[in-house]
Amino acid sequence: MVVWKRNLIVLWIGVFFTSASFSMVIPFLPIFLPQIGVHEHIEMWSGLLFSAAFFAGAVASPFWGSIADKYGRKPMIIRAGIFLFLIYTLTAFVTNPYQLLALRIAQGLLTGFIPGAIALIGTNTPNDKVGYALSMISTASASGGIIGPLLGGTISHLVGNRLAFASAGVIVFISTILIILWVKEDNFTPSKERGSVKNDLKIAWRNRPLMLVLLLTVITAGSVMTIEPVLPLYIVELGGSVEKASLVAGIVFSLPGIASALFAPFWGRWADKVGFHRVLVIGLLGGGIGTLAQIVFGSIWGFSIIRFVYGAFFCAVFPAINGLVVKSTASDFRGRAFSLNQTANQIGGMAGPMLGGLIGGLFPVQIVFATTGILLLAAMGLAYWKTNAFNGVMKGKVATGK
């Protein structure tokens, strides 16, 4: 079998399992807080816990990107997988929110499995297959996002959150073993220069289409994460059953992932015909309108349907952004470009939960959905307004920054 195809298959499986383990743990942190003694300001604590990992990741990502240039992307994926296994397992034993906060910070500083997989695919796949390969990795992440909340919600309902967290650690450990055994990184030349984040930023700054992609990543990641800290609590309000909160939250969390698994192949094929930019604009538009529409429904059934429709459009966004990272950079800068994009993602992920937790603590939760929808529509407007820059990307006229 061709090496890049084998890598894609194994990384698809690894990303699927890792995404499932992530979504087994993260959506249920707000519900877990009362079990470890948090009975006041739950929204604030939720926002802090969500943001902590993203803040730490934003600081650490450039460093790990530099290390990856010296030692390869595969070792970085393995490193991230081992630390994820340890962190998820230890989460099962926390007794207060400060221990949980410390583990979330460690997760941001030491992990990065899926970004590493994306970078390896982006640098070890033939140029004419990169878009297809990235869309497959995105599908793996979405599919894992389907199984994770369902599995985590079921385990939490039956035996409690702690065993669900420990199970997530075992799953990500299996993913790491698969990478160790079967992924091969051929297209890698160790960097002999000392890594310089400052120099990478200078190169990126001169590449305007890439800078626009990074800005869109910050806005999009931030807008999505504004909802995460308050969504489980809102689902409890709609469903009205605290006892079954984990199970119901798991099902509702899975709906966008189900939509993504169904519709992502369509968006990927269409992007090959019309370009990543047009697909990005449509995905952001549908995601923004779909988020605003969730305010209208006061029943769990109507809310669930709109979440599914939202997912059918929004699943086009991040694969399109990853595709534009590839199209807007030279091959010898692509790994560092993905590292910078991951930092942008972490910055957005850090700001989003803090904003969502703050708004959710001061105003009705519907205001959080309104804020998220407006941010997505603003990102759509920015992408549409900068059509000429993206057209330059697609025509191959983008400067490499060198």
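**Entry 1: the second largest cavity**

I began with the second largest cavity, whose lining is Val25, Leu29, Ile87, Tyr88, Thr91, Leu100, Leu103, Arg104 and Gln107. A cavity here is a set of points, on a 1 Å grid over the protein atoms alone, where a 1.4 Å probe fits but cannot get out, and lining residues have an atom within 4 Å of a point. I am working with a predicted model, where local features need pLDDT of at least 70 and side-chain atom pairs count only at pLDDT 80 or more, while totals for chains, interfaces and linings use all residues. Numbering starts from 1 along each chain as its sequence is written, and side-chain values use heavy atoms, with hydrogens and water left out.

I noted a volume of about 50 Å³ for the second largest cavity, volume being the space filled by probe spheres set on the points, which are joined across faces, edges and corners. Helix α5 (97-110) supplies the largest share of this lining, four residues. Helices are DSSP runs (H or I, at least four residues), numbered from the N terminus. I sorted the lining into six nonpolar, two polar and one charged residue. In this scheme Ala, Val, Leu, Ile, Met, Phe, Trp, Tyr, Cys and Pro are nonpolar, Asp, Glu, Lys and Arg charged, and the others, Gly among them, polar.

**Entry 2: the second largest pocket**

Next I took the second largest pocket, with about 270 Å³ of space. A pocket is an open set with protein on both sides within 12 Å along at least five of seven lines. I found 19 lining residues, with Ser135, Ala264, Trp267, Gly268 and Arg269 nearest the centre. Helix α12 gives the largest share, seven residues. The split by class is 13 nonpolar, four polar and two charged.

**Entry 3: cores**

I then looked up the largest nonpolar core, which has 90 residues; Leu11, Leu33, Leu100, Ile179, Leu280 and Leu284 have the most contacts inside it. Such a core is a set of buried Ala, Val, Leu, Ile, Met, Phe, Trp, Tyr and Cys residues joined through side-chain atoms within 4.5 Å. Buried means under 20% relative accessible area, exposed over 50%, partly exposed in between (1.4 Å probe, protein chains only). Helix α1 (residues 3-25) gives the most to this core, eight residues. Another core, of 17 residues, lies apart from it and includes Ile235, Ile300, Val365 and Val368.

Leaving out residues up to four places away in sequence, Thr220 touches Leu284, Phe314, Val317, Phe318, Ile321, Leu376 and Ala379. Contact means heavy atoms within 4.5 Å.

Helix α6 (residues 113-123) is largely enclosed by the rest of the structure, because nine of its 11 residues are buried. I see α1, α4, α7, α8, α15 and α16 (334-362) among its cover.

**Entry 4: salt bridges**

How many salt bridges are there? I count two, a salt bridge being a side-chain nitrogen of Lys or Arg within 4 Å of a carboxyl oxygen of Asp or Glu.

Arg73 pairs with Glu185, closest N and O atoms 3.9 Å apart. Arg73 sits in helix α4 (residues 73-91) and Glu185 in the loop between α8 (161-182) and α9 (197-206), 112 residues apart. Arg73 is buried at 11% and Glu185 is buried at 17%.

Lys184 pairs with Asp186, closest N and O atoms 3.9 Å apart. Lys184 is partly exposed at 41%, and Asp186 is partly exposed at 44%.

Note on methods: Helix = DSSP H or I, 4+ residues; strand = E, 2+ residues; numbered from the N terminus.
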